[in-house]
Amino acid sequence: MTTTTLPDETMLLDDAARLRAAAAFVREHDSASLLPLLLPGIEGADLRALAGHCHFAHAGMLVFPPDEETLRARLADCGLTVHTPSHPSVVVRGRLARRHRRDPDELDVRILRPQVHGADGKRRAVEVFALSVPPHSGLERVAAHERAHGHEAHLAFEIDHPDPLVLRGLCAILARHGARPDGGGYNPHEDGTVLYFTTPAASACAYRRLELYAHGDHRDALAAHLDEPNDLNRPNHPDHPNDPEGPTRPAAGTTTPTPARPPAETLLHLLTGAWTTQALASFARLRLPDAMDTRTARGTEDLARLTGTHPRGLATLLRYLAMLGAVTREDVPVIREDLTLTREDLPVAREDLPEEGFRLTELGTLLRTDAPASMRPLALMYGGPFYRSFGELDHSVRTGRAAFDHLFGENHFDHFARDPELADLFDRSMAASSRMFRPVPGHPALTAAAQAPAPATVVDVAGGNGELLRQILTAHPNLRGVLLERPHAVATARRLLDAAGCGARCDYRAGDFADVPAGGDIYVLARVLHDWDDDRCREILGHCARAMPDHADLLIVERLLPTDGSPSLATAWDLHMLCNVGGRERDADHYARLLADVGLHLHDHSPLPLDAHVLHARKTPAPVTRRP
């Protein structure tokens, strides 16, 4: 029997070649030809049951474009539909995070399904998982490994009329013919459940993974599928805990799908969300993570002495934090001197019953004071002033005005400015989520400016502590920077940029939005516009537009509200902005209208970590007047 092959090793290094090969494969095959290749020996009733309840839907693959524009161009080059919608991938993002020990928030994975017509005339697709790998993002090694190994390459069969009985029966048939469970998940963005299998070693198809796809939420069937013995037990499996490319524990931010809870239990869990916020904030305030590490567990008595806390109260908090994944509970042996004397009249050490102990997890480490990109300031802010103002959310919903102003008698900018400690905490909390900035230096506008013959200037408007400008100037030594901020923030930014070796290439301006310096080549507004209502946004954008030369670019970093109602951090932050700041999150069309009002046009936007986007705007060209 001939073997249906994947692209050869050279083609694996070329996303366009792999896309063409996948499209050709989909055109040439149907369910009847594929199932016997994937499951040698299947025939009779089992073959009829599989073919009767599901159909070959797509071939899946993972590609690594630097941005969405490049991805669309590659699709066009391969004769695939360019204007196909995309959705976030929850399942593949989690698998990549586990394999490469990455924070899922660093991985922007989208799903696109350009249509392909098979030889039988039926519509199928190439399922494209696109992991954005901008230049200087640090994801190049991930891309190289995945291209070489093709972990996510698979063939998918969509179930025509999914119900629990059909799902169970199809899984049983696959198991009888040597297919093994290989993970899966529920994607809320498209309301679909995915069950992955590895095919038998004797399979005559080089696609080694098979997917069953069912529309709807089938998490009971998914939980049973994930509980089955599977290929994760193989040490060389890419997601095996002992594999060099796999993690020692689930990556932060990923979840294992579980059966749906009864509504009352679900609501009870939601109602206790405030306890979670305060438990994490107390953990950070008491500096408990600083007294713990990820390798060795400490007993609660020992930890209580180190941190000046009550042993029983500390144990109660740590048990709760263990449920959240911030710590792990482990017994700690206790060695005490035995009061019984030996013949030599010397005390003997004996091991007593183990004491309850805890060690820090990767997630909990983010709350250490000395952790890179520590999130401790965020915990203190969300468990402090912003927590108190959320208690007044009713006021915001009734009036549309910020509950923070109602509670504290002034807006949060003025309130923090009068308290140096609070101002410092706010600036550090903003810096704690700066991981969303990591791909920004690779934006084409910045790359082009860095390659210009004359040194170009980046103007960071309301640039906070200078973290984004630091990343840009570090990535592009030919660029110069100007940071505009409040006086106390300018001092902080100067220290950070000097420490990074960028200070000599940066100027600082203390001022307000009306003081945007003219003559820059790239202007940046990062997490600024969502603080304000539309009228104030137009003022801020107008100041930028007047300062911008005709050739200049404007980069705006914000979260974008989804237009399809899918879950997003932007939706949560929209509520936060209403309650605490008086601003709002917006979708891309809303920003396009604001830009148009001041003579700018939205050129494009591309995704960033933490559900953020970078919006690229330019001056609207003046209309060309023609003489009669």
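Which residues of helix 20 are buried? This note on a predicted model answers that in point 2, after an overview.

1. Overall make-up. The protein chain contains 26 helices and 21 strands. Of its 628 residues, 49% count as buried. Among contacts in the chain with a separation of 6 or more, 68% are between residues 24 or more positions apart.

2. Helix 20, burial. The buried residues of helix 20 are L422, A423, L425, F426, D427, S429 and A432. The elements that cover these buried residues include helix 15 (376-382), helix 16 (385-390), helix 19 (412-417) and helix 23 (487-499). As background, an α-helix has 3.6 residues a turn, so residues three or four places apart point the same way.

3. Helix 20, length and start. Helix 20 runs over residues 420-432, and its 13 residues should span 18 Å at 1.5 Å a residue. The C-alpha atoms at its ends are 18 Å apart, so the model agrees with that expectation. At the start of the helix, a side-chain oxygen of D419 comes to within 3.0 Å of the backbone nitrogen of E421.

4. Cysteines. A search of the whole structure finds 0 disulfides. C502 is in no disulfide, and the nearest cysteine sulfur, that of C506, is 8.2 Å away. C502 counts as buried because its relative accessibility is 1%, under the 20% cut-off. C537 also counts as buried, because its relative accessibility is 0%.

5. Cavities. The structure holds 3 cavities of 30 Å³ or more. The largest cavity has about 80 Å³ of space. Its lining is made up of 13 residues, of which I111, F129, E190, V194 and Y196 are the closest to its centre. Helix 6 (90-100), strand 5 (123-131), strand 8 (192-198) and strand 9 (209-215) are the elements that each give two or more residues to this lining.

6. M577. This residue is found in helix 25, residues 569-581. M577 is buried, because its relative accessible area is 1%. Leaving aside residues up to four places away in sequence, M577 touches H530, D531, G582, G583, R584 and E585. M577 and A402 are 175 residues apart in sequence, while their C-alpha atoms are 8.0 Å apart in space.

7. E362. Helix 14, residues 362-365, contains E362. With a relative accessibility of 39%, E362 counts as partly exposed, because that value lies between the 20% and 50% cut-offs. Its C-alpha atom is separated by 8.7 Å from that of G325, a residue 37 positions away along the chain.

8. Positive phi angles. Most residues other than glycine have a negative phi. A462 is not a glycine, yet has a positive phi of about 55°. A462 sits in the loop between strand 15 (457-461) and helix 22 (467-475), and at 22% relative accessibility A462 counts as partly exposed. D611 is not a glycine either, and has a positive phi of about 60°. The loop that holds D611 lies between strand 20 (600-607) and strand 21 (612-619). D611 counts as partly exposed, at 33% relative accessibility.

Note on methods
Residues are numbered from 1 along each chain as its sequence is written. This is a predicted model: local features need pLDDT of at least 70, side-chain atom pairs count only at pLDDT 80 or more; totals for chains, interfaces and linings use all residues. Side-chain values use heavy atoms; hydrogens and water are left out. Helices (H or I, at least four residues) and strands (E, at least two) are DSSP runs, numbered from the N terminus. The expected span of a helix is 1.5 Å times one less than its number of residues. Buried means under 20% relative accessible area, exposed over 50%, partly exposed in between (1.4 Å probe, protein chains only). Contact means heavy atoms within 4.5 Å. A polar contact is a pair of N or O atoms within 3.5 Å; within protein, one must be able to donate a hydrogen and the other to accept it, and residues adjacent in sequence count only if both atoms are side-chain atoms. A disulfide is a pair of cysteine sulfur atoms within 2.5 Å. On a 1 Å grid over the protein atoms alone, a cavity is a set of points where a 1.4 Å probe fits but cannot get out, and a pocket is an open set with protein on both sides within 12 Å along at least five of seven lines; lining residues have an atom within 4 Å of a point. Grid points are joined across faces, edges and corners, and a volume is the space filled by probe spheres set on the points.
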